[in-house]
Amino acid sequence: SRQLLYIPTVGDANVEYANDFDLVGFNEFIASEGLSRGEITKRNDQNADWHVTFDIKVNQEIPGLVDGHRGNAYFIIKNVGNMLNDDWGVMNQGAFVGNRMVEMSIQSDGSYLYENFYDGNQEQTYYKDASLWEMRVGVSYDF
């Protein structure tokens with residue numbers, strides 16, 4: 001169940017499809033991912049979307065009240081892009097990489113029987129905590 005997927009050509013004699021196999025959905029997936037037909041997919045060839053954020057930190061040291069003491073005032077904005085635009089700095093992740101796309105078996109003549117296509121593996125999950133912006137203002141004092 002964890003082998004690399006063979007992407008058949010249209011009308012490929014090496015692959016048969018079960019009666020309830022979602023061939024339309026499977027072909028749409030192949031087209032949307034730009035997979036090469038007639039080949040086995042390469043390991044780690046597909047990637048999820050990048051998650052990019054940038055932060056701003058302003059830090060100012062201030063003199064303490066007594067010799068040897070010091071203070072610090074700071075201002076931090078995490079995920080500035082998301083603060084400016086809700087579509088920036090958002091983390092979406094796909095399903096676990098071990099999930100199957102196609103359930104298949106090898107028949108006695110050596111051909112593949114594609115039994116089920118799991119299109120739900122394409123869905124991505126939105127991670128709220130990693131996607132939201134945050135602002136902090138504070139003061140610290142070292143003595």
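In this predicted model, Glu134 is partly exposed, with a relative accessible area of 36%. The side chain of Glu134 meets that of Arg136 in a salt bridge, with an N to O distance of 2.7 Å. Arg136 is likewise assigned to the partly exposed class, at a relative accessible area of 39%. The pair is one of 3 salt bridges found in a search of the whole structure.

A further salt bridge joins Asp142 to Arg70, where the closest N and O atoms are 3.7 Å apart. This pair connects distant parts of the chain, as Asp142 lies in strand β10 and Arg70 in strand β5, 72 residues apart. Asp142 has a relative accessibility of 39% and therefore counts as partly exposed, the limits of that class being 20% and 50%. Arg70, at 43% relative accessibility, is also partly exposed.

Glu39 and Lys42 form a salt bridge as well, and their closest N and O atoms are 3.7 Å apart. The relative accessible area of Glu39 is 34%, which places the residue in the partly exposed class. Lys42 reaches 51% relative accessibility; because residues over 50% are classed as exposed, Lys42 counts as exposed.

Strands β5 and β10 belong to an open sheet of 3 strands, arranged in the order β4-β5-β10 with antiparallel pairing. The edge positions are taken by β4 (56-63) and β10 (134-142), each of which pairs on one side only. From one strand to the next, the twist averages 10°. Between β4 and β5 (residues 70-78), the antiparallel pairing extends over 8 bridges. Within this pairing, Val58 is positioned opposite Phe75 of β5.

Another open sheet, also of 3 strands, has the order β2-β8-β7 and mixed pairing. At its edges stand β2 (15-17) and β7 (102-106); each has a single partner strand, so one side of each lacks a neighbour in the sheet. The twist in this sheet averages 30° from one strand to the next. Strands β7 and β8 (residues 112-117) run antiparallel and are joined by 5 bridges. Val102 is found opposite Phe117 of β8. Helix α1 (residues 23-33) packs on this sheet and touches β2, β7 and β8, with its direction at about 90° to that of β8.

The largest nonpolar core comprises 13 residues. The residues with the most contacts inside this core are Leu5, Phe21, Phe26, Val102, Tyr114 and Phe117. At least two core residues come from each of β1 (6-7), α1 and β8. The greatest contribution is that of α1, which supplies 3 residues.

When residues up to four places away in sequence are not counted, Val102 touches Leu5, Phe21, Phe26, Tyr114, Asn116, Phe117 and Tyr118.

Note on methods: Residues are numbered from 1 along each chain as its sequence is written. This is a predicted model: local features need pLDDT of at least 70, side-chain atom pairs count only at pLDDT 80 or more; totals for chains, interfaces and linings use all residues. Side-chain values use heavy atoms; hydrogens and water are left out. Two strands pair if DSSP finds at least two bridges between them. Helices (H or I, at least four residues) and strands (E, at least two) are DSSP runs, numbered from the N terminus. Axes are lines fitted to C-alpha atoms, for helices over the stretch in contact, and angles run from 0 to 180 degrees between N-to-C directions. Contact means heavy atoms within 4.5 Å. A nonpolar core is a set of buried Ala, Val, Leu, Ile, Met, Phe, Trp, Tyr and Cys residues joined through side-chain atoms within 4.5 Å. Buried means under 20% relative accessible area, exposed over 50%, partly exposed in between (1.4 Å probe, protein chains only). A salt bridge is a side-chain nitrogen of Lys or Arg within 4 Å of a carboxyl oxygen of Asp or Glu.
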